Amino acid sequence: MENQTITAVSPELKLEIKKLILETLKISDVKPEDIADSASLFENNPALQLDSVDALEIVMALQRTYHVHIDDQNIGRFIIKSVDTIAEFVAKERAKNKE
Amino acid sequence: MSQIQFQHKMGAHCESGILSALLSHNGVALSEPMVLGISGAIFFVFIKTPHMVFPVFDMRNRPGDMRKNIGKRLGIKFATQKFSDPDRARASLEALLDKGIPTTVQVDMFYMEYIPSYMRVHFNAHFIVVVGREGGNYLVSDCYYPSISKLSRDSLDKARFAKSDFAPKGFQFYVASTPAGGVKEDVLKKAVMQGIKQSAFNMVKLPVPFIGVKGMRRFADNIPAWPKIARNMDALSHAIMSIHITLEERGTGGGGFRFMYASFLQEAAKLLDKTEFSDMSKKIMAIGDRWRELSLFVARVGKNRDLGDNRMQEIRQMIRARADEEEAFFKTLLTMVK
């Protein structure tokens with residue numbers, strides 16, 4: 001997965017994140033393009049039907065893939081609220097690491 | 001509307017989070033990890049009472065101990081009150097707000113209507129800071145939420161007088177006084193060392209079989225018997241998944257408070273100019289990562305009902321491995337504060 005070069009909140013980063021979520025959770029009947037960028041991943045999302053265990057799986061996958069550390073599940077919940085919020089977080093962490 | 005100028009902060013754990021925010025408001029700048037560390041809150045306790053089918057555990061000291069230890073070590077006085085009557089509790093709270101005093105109340109988290117419903121559970125030992133009023137609502141600073149929020153009077157009344165375990169009973173507290181001239185650096189340094197010593201002692205030296213690493217091993221060794229005592233697979237799954245909930249979902253900051261403790265040790269290293277604390281910070285961060293892996297493992301096997309005897313033994317071994325790591329860690333830490 002080519003994640004090292006994407007630092008801005010770009011459509012490419014969002015697509016990459018969607019693929020990571022579907023791959024990590026082994027969801028085969030939803031396509032990346034079916035996930036709206038701003039839609040809540042956990043609330044009122046009948047297509048994905050994610051729970052708190054899935055939340056931890058996503059957090060750990062993000063940590064492995066983007067070399068970020070999300071210590072706090074309270075803040076983590078808001079980071080992984082949607083693809084948009086995840087992408088903002090990843091882009092910000094990458095920009096921080098570049099400094 | 002009347003609102004006290006209060007700097008809202010998000011936090012990993014409600015008690016340490018609101019203490020940090022409350023102390024900052026009163027001129028004592030202390031991060032949440034420092035509150036956790038100085039109060040000696042990092043802990044492990046195995047809990048089994050006759051009415052429980054399965055034992056449970058906790059990774060921090062008793063609710064309220066953070067406040068007491070911080071107060072004792074830094075010379076901060078907290079005024080605390082409990083009420084049996086909701087009307088008197090409300091009147092007292094509003095009188096304090098009218099004086100410009102942000103007041104912490106103990107509540108059942110379920111009634112915090114600003115938190116998304118899928119995140120709300122009944123939990124009676126949640127703490128929020130009330131910072132104002134607007135019409136029929138209170139303005140509250142809840143460190144589990146990104147901003148100051150509105151909470152209806154009716155919801156707060158219910159939350160403050162919810163029944164069941166750890167019933168709040170209208171409990172409230174506020175900062176009554178801080179040391180003249182602020183907390184001096186030498187007092188802070190001493191408090192950090194005291195907090196570390198207390199935690200390390202509790203984890204490896206306290207001669208009580210259900211506390212610290214002894215408690216971890218006791219909990220681990222109990223698990224292989226669970227399939228025999230569970231009334232059905234759902235009950236067993238629920239018990240196993242509660243391990244995940246305690247480690248990651250109940251406001252621990254991740255890894256059963258170990259990530260926050262790592263942050264504390266980093267701050268301690270800078271304050272005390274002790275690079276060895278920085279090394280220890282990395283070690284407990286790695287231990288926290290392995291607690292988190294264990295948490296995910298139990299969540300997966302619980303969710304998938306993959307709970308044969310071999311899985312129970314695997315979980316037992318994983319917890320015992322954490323106990324061994326923490327024993328080595330806290331023994332080393334204890335030598336650094338003697």
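**Confidence, chain A.** Helix α1 (residues 11–24) of chain A scores highest, at 95, while α3(A) has the lowest confidence, at a mean of 80. A reminder to myself: where pLDDT is low, the predicted coordinates should not be read in detail.

**Where A meets B.** Next I looked up the contacts between the chains. I found 14 residues of chain A in contact with 19 residues of chain B. On the chain A side, the elements giving two or more residues are α2 (52–66) and α3 (73–79). That side of chain A splits into six nonpolar, three polar and five charged residues.

**A helix in chain B.** Then I went to α11 of chain B, which runs over residues 275–303 and has 29 residues. From first C-alpha to last, α11(B) reaches 42 Å, close to the 42 Å expected at 1.5 Å a residue. After α11(B) comes Arg305(B), and I noted its positive phi, near 55 degrees.

**Trp291(B).** This residue sits in helix α11 of chain B. Is Trp291(B) buried or exposed? I'd call Trp291(B) buried, because it has 24 C-beta neighbours inside 10 Å and the cut-off is 20 or more. Leaving out residues up to four places away in sequence, Trp291(B) touches Leu247(B), Gly255(B), Gly256(B), Arg258(B) and Arg322(B). I also looked at Gly254(B): it is 37 residues from Trp291(B) along the chain, yet their C-alpha atoms are separated by 8.7 Å.

How values were computed:
Residues numbered from 1 in each chain as written. Chains lettered and ligands numbered in written order. Predicted model: local features only at pLDDT ≥ 70, side-chain atom pairs only at ≥ 80, totals over all residues. Contact = placed C-beta atoms within 7 Å. Helix = DSSP H or I, 4+ residues; strand = E, 2+ residues; numbered from the N terminus. Nonpolar A, V, L, I, M, F, W, Y, C, P; charged D, E, K, R; others polar. Expected span 1.5 Å × (residues − 1). Buried ≥ 20, exposed ≤ 12 C-beta atoms within 10 Å, placed from the backbone. pLDDT = per-residue confidence, 0-100.
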